[in-house]
Amino acid sequence: MVMPRNLFLVRHGQSEANVMQRAAKAGDPSLYTEETMTVPDRSWRLTDLGVQQAKVAGAWIAAQNIQFDRAMVSVYTRTRETAAHLGLDVRWEENRVIRERSWGEIGSMSKQDFARKYSQNAAYRDSDPLYWAPPAGESIANVAENRVRNILSTLHRENAGDNVLLVTHGEFMWATRLVLERWSDEEFLLRDADKEQVIHNCTVLQYTSTDPQDRNNAREKLNWVRRCWPVCVDGEWTMFVGEWEEFDRKYYTGGELLERAEAGAGPSSAGSAAAATAEPTARTTADSPGSSINGIPFEKELTSDAYGEYRQTTIAPDDPAFIFGPELIHTTATERYTEEEIHQAHRTAVEYAAVAIDSPMNGSPGDEASSARWWAANQHRFVPHYREEMRAAAASPDINDTIVYKGTHRDGVEFGLQYGSDVAHIVSRTIETKSIYGGELDGETAIAVELEVNFSNAIVKDGKKDVEYARGDMTFTLLKDASTGKFLISGNSATYTTSRI
């Protein structure tokens, strides 16, 4: 089956509906009104930001010097506008097959209304996102096995060995990855839960049948993919260009299939019966999230599924504009914790994460005077027995990081750091709460907060500016301090992955 030589899929730029959805995820559904409820999904237009994203993506595509033999665009308004603003010298043909996934009855509904009006369907979405379909809508599996395979069959018949460009939608591109990259159900679930796999506005998926490392190695099928998307750093637009990934079809022996079946099996009827008659323990399986936080098993997840993604946009650490929605608290959480206690623990972790991102050595600039000031400003966040460790960290300069300047910068604090001959400063950051757990540590009431942080550094070397992106997971354990009654940090850990363009 000979496929196109190169296949580009481009998601549309930011649309008016994307703005509404982001606000609702942050806890503000006010943009969803009676008027917006009647707007068909196909009619939403690009924002000014969406237009800019399309222009940046188009310039990058043009720089690849690929002559497209065929260019298709979804019939929706936002994709038509995106295709036009790419500014490419192609003749577009409209195609309904590559339209957005149908969201059925919930397409013009906020996350909060969906969770309230379709609670059972919302629970199914969380437990089986591949096969879940909204009321009167499509599942990802539906889109993949029907519409994606339809368009790929067309391209095989009509455009073998050609260069093809599609301007489409995020969910259609997600379904295309499922089919083209031959993901199993399990791999889909892993990628669906991975924030690094998000298809941003104007993301470009570039598939090729030619080995990027060996241009003489050309195949009949598409076997490599990379993801690229527009980013704006310090007021300058560029494209983040991901690494090439190779993929191929997977085959299994009978024994391997049995192993996969065992791993993916749900609870048996016998197992369910045994669980129903078993004596309860201090920590039952049903109460456990199945994870260990900083080495401590936590028994109860406190964040509500209905709360969805909490996302804190870039702010100064002492800015009061943190967003805490009422749905943060699970109804069962008040058995052990008050809402005020969970909010306080959550805020303490987020505040310190912001401090840690904005300066080296977990907030310590390294020199003695700055360390003393940092310690005076932050020691209240830690339980007494943990303060000595953090005081020692604050007093120990990092020989690789030397602070060269400090000042205000747009929406946060900017530190200039010297890395050898490089000078770096953080120009943007976001902090997103993944989950909050409750439990005990040595008999003491404890809370764990898992955060995802994303930030970018502008790296200046020999007068040339590069951009470094970092994504990290930060986890905090907090204990209730007897003297203050507040939850204070008793331990933290962090892991980061970085990439530079």
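Buried means under 20% relative accessible area. By that cut-off, buried residues make up 47% of the 501 residues in the protein. The model shown is predicted.

**View 1. Overview of the predicted chain.** The protein has 15 helices and 18 strands. Consider contacts between residues at least 6 apart in sequence: 66% of them join residues at least 24 apart.

**View 2. The largest nonpolar core.** This core has 31 residues. Leu7, Leu152 and Tyr207 have the most contacts inside it. Five named elements give two or more residues each: strand 1 (6-11), helix 7 (140-158), strand 4 (163-168), helix 8 (170-180) and strand 5 (204-208). Helix 7 gives the most, with eight residues. In soluble globular proteins, nonpolar side chains tend to be buried together.

**View 3. Close-up on Leu7.** Neighbours within four places in sequence are left aside here. Leu7 is then in contact with Leu152, Leu155, Val164, Leu166, Leu180, Leu205, Gln206, Tyr207 and Leu222. Two of these partners, Leu152 and Tyr207, are named with Leu7 as having the most contacts inside the core.

**View 4. Helix 7 against helix 8.** Two packed helices are described by the angle between their axes and the distance between the axes. The axes of helix 7 and helix 8 come within 8 Å and cross at roughly 75°. The two helices are therefore roughly perpendicular to each other. From helix 7, the contact takes in Ile140, Val143, Ala144, Glu145, Arg147, Val148, Arg149, Ile151 and Leu152. They meet Glu171, Phe172, Trp174, Ala175, Thr176, Leu178, Val179 and Leu180 in helix 8. By class, the residues of this contact divide into twelve nonpolar, one polar and four charged.

**View 5. Helix 8 against helix 9.** Helix 9 covers residues 185-192. Its axis and that of helix 8 come within 10 Å and cross at roughly 140°. Helix 8 is therefore oblique to helix 9. The crossing is right-handed. Trp174, Arg177 and Leu178 in helix 8 meet Phe188, Arg191 and Asp192 in helix 9. This contact has three nonpolar, no polar and three charged residues.

**View 6. Loops on either side of helix 9.** Arg182 sits in the loop between helix 8 and helix 9. Its phi is positive, about 60°, although Arg182 is not a glycine. Arg182 counts as buried because its relative accessibility is 18%, and the cut-off is under 20%. Cys202 lies in the loop between helix 9 and strand 5. Cys202 is likewise a residue other than glycine with a positive phi, near 65°. At 0% relative accessibility, Cys202 counts as buried.

**View 7. Helix 4 and its cover.** Helix 4 spans residues 77-86. Its buried residues are Arg78, Thr79, Glu81, Thr82, Ala83 and Leu86. What covers them includes strand 1, helix 3 (48-63), strand 2 (70-73), strand 3 (92-94) and strand 4. Gly87 follows helix 4, with a positive phi near 70°.

View 8. Asp89 has its place in the loop between helix 4 and strand 3. Asp89 is exposed, because its relative accessible area is 73% and the cut-off for exposed is over 50%. Asp89 and Gln67 are 22 residues apart in sequence. In space, C-alpha to C-alpha, Asp89 and Gln67 are 8.9 Å apart.

Notes. Residues are numbered from 1 along each chain as its sequence is written. This is a predicted model: local features need pLDDT of at least 70, side-chain atom pairs count only at pLDDT 80 or more; totals for chains, interfaces and linings use all residues. Side-chain values use heavy atoms; hydrogens and water are left out. A nonpolar core is a set of buried Ala, Val, Leu, Ile, Met, Phe, Trp, Tyr and Cys residues joined through side-chain atoms within 4.5 Å. Buried means under 20% relative accessible area, exposed over 50%, partly exposed in between (1.4 Å probe, protein chains only). Helices (H or I, at least four residues) and strands (E, at least two) are DSSP runs, numbered from the N terminus. Contact means heavy atoms within 4.5 Å. Axes are lines fitted to C-alpha atoms, for helices over the stretch in contact, and angles run from 0 to 180 degrees between N-to-C directions. Angles under 35 degrees count as roughly parallel, over 145 as roughly antiparallel, 65 to 115 as roughly perpendicular and the rest as oblique. A crossing is left-handed if the near helix is turned anticlockwise from the far one by less than a right angle, and right-handed if clockwise. Ala, Val, Leu, Ile, Met, Phe, Trp, Tyr, Cys and Pro count as nonpolar, Asp, Glu, Lys and Arg as charged, and the others, Gly among them, as polar.
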